[in-house]
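Biologist: Could you walk me through reading a model like this one? I would like the general idea, then the case at hand.

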Amino acid sequence: KGWRIITLFPQRNEIHVRVLRPGDTVLRVNGQSVERPEAFMNVWESLRKADELVLEIERNGEPSTLRYKITK
């Protein structure tokens with residue numbers, strides 16, 4: 001179905017992720033499915049040229065969409 005967030009940067013105290021939480025499931029990134037590892041890598045590579053990051057997630061059984069502008 002997607003990638004369930006278990007933990008975020010447990011060894012990196014200087015990194016603060018305020019939006020994604022443990023337990024969230026990332027379903028799609030910029031409209032692309034990320035069900036399989038190779039699909040995730042394709043999405044990751046496509047972010048180099050993207051102007052926006054759109055995460056479709058599920059949190060506590062509810063769908064949600066998060067949007068972020070990418071500045072270069």
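**Reading the model**

Modeller: Let's start with a loop: Pro22 sits between strand 1 and strand 2. Strands (E, at least two residues) and helices (H or I, at least four) are DSSP runs numbered from the N terminus. This is a predicted model, where local features need pLDDT of at least 70, side-chain atom pairs count only at pLDDT 80 or more, and totals for chains, interfaces and linings use all residues. Residues are numbered from 1 along each chain as its sequence is written, and side-chain values use heavy atoms, leaving out hydrogens and water.

Biologist: Is Pro22 buried or exposed?

Modeller: Buried means under 20% relative accessible area, exposed over 50%, and partly exposed in between (1.4 Å probe, protein chains only). Pro22 has 57%, so it counts as exposed. Leaving aside neighbours within four places in sequence, Pro22 is in contact (heavy atoms within 4.5 Å) with Ile5 and Ile6.

Biologist: How do I read an aromatic pair?

Modeller: A pair of aromatic rings is described by the distance of the centres and the angle of the planes. Rings of Phe, Tyr and Trp (its six-membered ring) pair if their centres lie within 6.5 Å; planes under 30 degrees apart are stacked, over 60 edge-to-face, the rest tilted. The structure holds one such pair: Trp3 and Phe40, tilted, with 5.4 Å centre to centre and 50° between the planes. The pair links distant parts of the chain, with Trp3 in strand 1 and Phe40 in helix 1, 37 residues apart.

Biologist: How exposed is Trp3?

Modeller: Trp3 is partly exposed, at 35%; Phe40 is also partly exposed, at 32%.
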